[in-house]
Amino acid sequence: MIWVAVISCGIGCYLLKLAGLSIPSRVLERPLVQRVADLLPVALLAALITVQVFSGGDGAHPRIVIDARLAGLAAAVVALLLRAPFLVVVIVAAATAALIRTV
Amino acid sequence: MTPEKTPEKTPEPPPIDPDRRREIVRDSLAVAVATGAYGISFGAIGVSSGLNVAQTCALSLLVFTGASQFALVGVIAAGGTPLVGAASGLLLGVRNALYGLRLAPLLDWRGARRAGAAHLLIDESAAMSVTRETTAEARVGFLTTGVGIFVLWNLATLIGAIAGESIGDPRAYGLDAAVGGAFLALLWPRLDSPTHRATAVIAAAVALALIPLTPAGTPVLAAAVVALGLALRGSGPGGSGAGR
């Protein structure tokens with residue numbers, strides 16, 4: 001039964017991905033879809049950051065956790081304000097969190 | 001660099017500056033390493049949830065979208081039936097389809113290439129390509145991130161499934177904070193208008209509120225719905241609506 005779940009979930013998730021990349025251009029040319037496509041990356045990234053930084057607990061009991069990741073994000077903000085390049089921002093975020101966990 | 005008249009059909013995108021390519025590859029690999037390492041956690045959790053090593057590895061190979069995989073094993077670990085787990089995984093996979101709204105025209109792949117690339121469409125590959133200006137840049141970001149994570153995620157899943165989390169916690173190296181920092185660096189230049197800033201704040205607030213209430217992946221899916229709602233509210237810059 002687990003195998004059936006694994007394989008059907010795999011096929012279904014693949015078809016969803018393929019459907020996304022196969023959206024016909026006449027749909028994408030609609031003004032509403034254009035506005036969604038403009039806002040989608042912003043909403044997506046903001047939500048991904050939030051989940052990356054605040055989510056904790058385990059799969060069955062997710063919860064909001066405030067820990068060294070938030071300090072890492074704050075350090076990333078400072079790096080971005082100082083116009084640091086992408087890789088520096090990433091390393092600063094990781095190093096800050098790692099450093100805080102060692103103390 | 002030289003702007004030319006675009007013909008009706010563009011089989012190949014204009015070439016990409018080598019320095020720019022190197023920069024995108026480097027940035028994408030950083031995200032791939034930080035994300036791929038989490039396969040260890042998934043492998044360990046999969047096995048402790050009642051799946052065997054082969055099933056856990058098959059999930060990473062076939063499903064290959066983290067939130068759906070965690071949802072499936074989470075349901076099984078909580079005593080749910082495997083098919084309910086598969087349904088939860090599928091529901092969360094819907095957001096990958098939504099990324100296509102932006103990525104389909106940007107990546108502009110057809111036929112077999114599209115079919116192959118589709119498997120690599122996940123949060124991180126979308127994030128590393130969705131903000132690019134050109135098709136060539138988007139493809140480099142997408143493929144480097146997607147292939148990099150696919151290789152590392154599957155390798156790490158196997159290691160985690162066999163060895164458990166004793167192998168080392170990615171958090172010790174701050175890898176969990178690295179990905180948040182990477183996504184912030186991608187978002188930063190896009191916070192250039194009141195509409196975009198309002199969208200970011202609302203999406204983050206919705207995601208935060210849903211973290212304790214819903215399975216992993218749902219908060220991000222909800223953020224995509226937020227984008228849809230804000231787009232429906234009106235096109236005017238004043239119509240971005242900071243509330244309802």
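A residue is called buried if 20 or more other C-beta atoms lie within 10 Å of its own, exposed if 12 or fewer do, and partly exposed in between, with C-beta atoms placed from the backbone. By this criterion, 53% of the 244 residues of chain B are buried. The corresponding share for the 103 residues of chain A is 46%.

The model is a predicted one, in which local features need pLDDT of at least 70, side-chain atom pairs count only at pLDDT 80 or more, and totals for chains, interfaces and linings use all residues. Residues are numbered from 1 along each chain as its sequence is written, while chains are lettered from A and ligands numbered from 1 in the order in which they are written.

Secondary structure was assigned from DSSP runs, numbered from the N terminus: helices are H or I runs of at least four residues, and strands are E runs of at least two. Chain A holds five helices and two strands. Their order along the sequence is α-α-α-β-β-α-α. The radius of gyration of chain A, taken over C-alpha atoms, is 19 Å. Along the principal axes, the C-alpha atoms of chain A fill a box of roughly 50 × 45 × 20 Å.

Chain B has eleven helices and zero strands. Contacts were counted between residues whose C-beta atoms, placed from the backbone, lie within 7 Å. In chain B, 70% of the contacts between residues at least 6 apart in sequence join residues at least 24 apart. In chain A, residues 24 or more positions apart account for 24% of the contacts with a separation of 6 or more.

The two chains share an interface. It joins 89 residues of chain B to 68 residues of chain A. On the chain B side, the largest share comes from helix H5 (residues 82-107) of chain B, with 19 residues. Residue classes were set as follows: Ala, Val, Leu, Ile, Met, Phe, Trp, Tyr, Cys and Pro are nonpolar, Asp, Glu, Lys and Arg are charged, and the others, Gly among them, are polar. The side of chain B that touches chain A has 65 nonpolar, 17 polar and seven charged residues.

Helix packing was examined within each chain. Axes are lines fitted to C-alpha atoms, for helices over the stretch in contact, and angles run from 0 to 180 degrees between N-to-C directions. In chain A, helix H4 (residues 68-81) and helix H5 (residues 86-102) pack at about 145°, with axes 8 Å apart. A crossing is left-handed if the near helix is turned anticlockwise from the far one by less than a right angle, and right-handed if clockwise. The crossing of H4(A) and H5(A) is right-handed. Among the residues in this contact are A:Ala68, A:Gly72 and A:Ala79 of H4(A), and A:Val88, A:Val92 and A:Ile100 of H5(A). The contact has 14 nonpolar, two polar and two charged residues.

In chain B, helix H2 (residues 39-48) and helix H8 (residues 135-163) pack at about 45°, with axes 6 Å apart. Angles under 35 degrees count as roughly parallel, over 145 as roughly antiparallel, 65 to 115 as roughly perpendicular and the rest as oblique. H2(B) and H8(B) are therefore oblique to each other. Their crossing is right-handed. The contact includes B:Gly39, B:Gly43 and B:Gly46 of H2(B), and B:Leu152, B:Ala156 and B:Gly160 of H8(B). By class, it has eleven nonpolar, seven polar and no charged residues.

B:Ala126 lies in helix H7 (residues 123-130) of chain B. B:Ala126 is buried, with 29 C-beta neighbours inside 10 Å. Leaving aside residues up to four places away in sequence, B:Ala126 touches A:Leu44, B:Tyr99, B:Leu103 and B:Leu121.

Most residues other than glycine have a negative phi. B:Phe64, not a glycine, has a positive phi of about 40°. B:Phe64 sits in the loop between helix H3 (53-63) and helix H4 (66-77) of chain B. B:Phe64 is buried, with 24 other C-beta atoms within 10 Å. B:Asp108 also has a positive phi, near 55°. B:Asp108 lies in the loop between H5 and helix H6 (111-118) of chain B. B:Asp108 is partly exposed, with 18 other C-beta atoms within 10 Å.

Technical notes
The radius of gyration is taken over C-alpha atoms; the globule rule is 2.2 Å times the number of residues to the power 0.38. Two residues are in contact if their C-beta atoms, placed from the backbone, lie within 7 Å.
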